[in-house]
Protein chains: 2
Amino acid sequence: MNVLVPRLAVVGVGLIGGSLALGLKAAGAVGEVVGIGRGRANLERALELGVIDRISDRVEDGVADADLVFLATPVQTLPAIAAAALPHMKSGAILTDGGSVKGSVVKAIEPLVPAGVHFVPGHPIAGTEKSGAEAAFATLYRNRRCILTPTARTDRGALELVRQVWRCVGSEVVVMDVQKHDRILGAISHLPHMVAYSLVNAVGSYDRYEENILEYSAGGFRDFTRIASSDPTMWRDIALTNREALLEMMELFERFFAELKEDVRRGDAERLFEFFLRSKQSRDAIL
Amino acid sequence: MNVLVPRLAVVGVGLIGGSLALGLKAAGAVGEVVGIGRGRANLERALELGVIDRISDRVEDGVADADLVFLATPVQTLPAIAAAALPHMKSGAILTDGGSVKGSVVKAIEPLVPAGVHFVPGHPIAGTEKSGAEAAFATLYRNRRCILTPTARTDRGALELVRQVWRCVGSEVVVMDVQKHDRILGAISHLPHMVAYSLVNAVGSYDRYEENILEYSAGGFRDFTRIASSDPTMWRDIALTNREALLEMMELFERFFAELKEDVRRGDAERLFEFFLRSKQSRDAIL
């Protein structure tokens, strides 16, 4: 039998890493899955659940015989893990990742890649609010987009294999350059988080009254601000690593918000209506 | 039998007006319900569904024998409808409303209230995305807050009756002054809408690439911007009528967003983490 990935090493067997392993297993596209990570209890649970077939305690050992190494740890940790893994990977092996920022990751990792080993930067756009091996499931990536961001140095055969891996678990693969990825994610994901965090802090700080006015928030506010409950460490790292694109988007947002504020200040009924209508139409088009 | 409201007139028999009628009926707290409104088909459907017992074609006639008149039409229309209704209401009758802005409504309506008739401004904080008599249901207000905003002129007996009416349909009634209401709603409802509308317009306008980057938006962005699909006319009217409180909140938000942007610009890991953590903690406290 000629499986797509004879041996897969997953560093970080959580929702993202575990679900790729399970998806490939469900498709019969992987031989053995080696799980690597800091949390021993999580790895043992992953083994028990059949997410992985074997635990490796050290990155250096775990990646040694792998055909594909998938880094699914927080974005800030990727360069250090890649630095540990790359010198021990076999010739022809491919390193890929699931980091939600690509520019800084590629910049840090690409110079470390030895001859004969390939690096294909990636970002599956999927996730739930849960984490850990327990949360992983085989269909997480079905009908989701996965963005791959090859550079001039990326091997075309390696890119093709990683593309097949993601297709195999049901994703629509989109290839684009690193900067475009970071700008698009800055706009549709990172900016909304900055907005939600700011909104909750602004409303929570309002101190004209003795009480916390967040107490009055109804369903709409709660739904709207749900993403402000996201992990602060993860979002600190994203803000630090996608700084440039994020700043561009924050400034774009500020201009629109200031325009709307000016319309409110002037009580310009026509422009207010037009602003809200345009937004509604854009929003309804992506429903 | 001594019902709480022998005759109720509802102007605007949609989700808000119809659900109050149904809730009071379910509680056996109302005698007859007269429905008044511009949409004949909607009123006939309301009659068919048992939301109302009788249709009145003109506000002047419909309110004549009512003990309680509930105005449940868009906030901009309230002053004109009140002006039509008030001179025809009987002595001792009470006018109340469900407008989501209170300052401008009270300012416009209070001077029109004749001696012997009472006005109790109110705002039930409830709603779904549906509208029309078809959408009304008896339990809409159960476990929701209803804010009443009496003024120095408000009759205490009338306030008490309106309080009982909302309690009767399951609401927790909170009494506060008009300005506080408008500030709180400005913060927890009106500001988030301005933010969501601006976000969608900003992202939708991003034109570095040939394609519309909104196409890449995943579940998170869609959920976050759902409120940007709200009715532009309604939100234009809210922005116009709650201008002052809304501007205060928009400026408060801008300060927090600018602070965050500065932290991103400087790459200040510690402050970014603290900002996100504080927001997450506030948000989780209202879950």
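Predicted model: local features only at pLDDT ≥ 70, side-chain atom pairs only at ≥ 80, totals over all residues.

**Exercise 1.** Work out which residues of H7(A) and H11(B) meet, and how they divide by class.

*Solution.* Step 1: on H7(A), pick out A:Met194, A:Ala196, A:Tyr197, A:Ser198, A:Val200 and A:Asn201.
Step 1: their partners in H11(B) are B:Phe275, B:Phe276, B:Arg278, B:Ser279, B:Ser282 and B:Arg283.
Step 2: sort the residues of this contact, and you get six nonpolar, four polar and two charged.

**Exercise 2.** Describe the whole interface of chain B and chain A.

*Solution.* Step 1: start with the contacts, where 83 residues of chain B touch 83 residues of chain A.
Step 1: turn to area. The size of an interface is often given as the accessible area lost when the parts come together. Here chain B and chain A bury about 8200 Å² between them, with 69% of it on carbon and sulfur atoms.
Step 2: look for polar contacts; 32 residue pairs make them across this interface, both residues being at pLDDT 80 or more.
Step 3: ask which elements take part. Among those giving two or more residues to chain B's side are helix H8 (219-224) and helix H10 (243-266), while H7(B) gives the most, with 19 residues.
Step 4: by class, that side of chain B has 49 nonpolar, 12 polar and 22 charged residues.

**Exercise 3.** Find one salt bridge between the chains and one within chain A.

*Solution.* Step 1: side chains of opposite charge can pair when their charged atoms come close.
Step 1: of the 10 salt bridges between chain B and chain A, one joins B:Lys261 to A:Glu254, with the closest N and O atoms 2.7 Å apart.
Step 2: within chain A, A:Asp67 pairs with A:Lys90 at 2.9 Å between the closest N and O atoms. A:Asp67 and A:Lys90 lie in two loops, so the pair ties together parts that are 23 residues apart in sequence.

How values were computed
Residues numbered from 1 in each chain as written. Chains lettered and ligands numbered in written order. Heavy atoms only, no water. Contact = heavy atoms within 4.5 Å. Buried area = accessible area lost by both parts, 1.4 Å probe. Salt bridge = Lys/Arg side-chain N within 4 Å of Asp/Glu carboxyl O. Polar contact = N/O pair within 3.5 Å; in protein donor to acceptor, adjacent residues only side chain to side chain. Helix = DSSP H or I, 4+ residues; strand = E, 2+ residues; numbered from the N terminus. Nonpolar A, V, L, I, M, F, W, Y, C, P; charged D, E, K, R; others polar.
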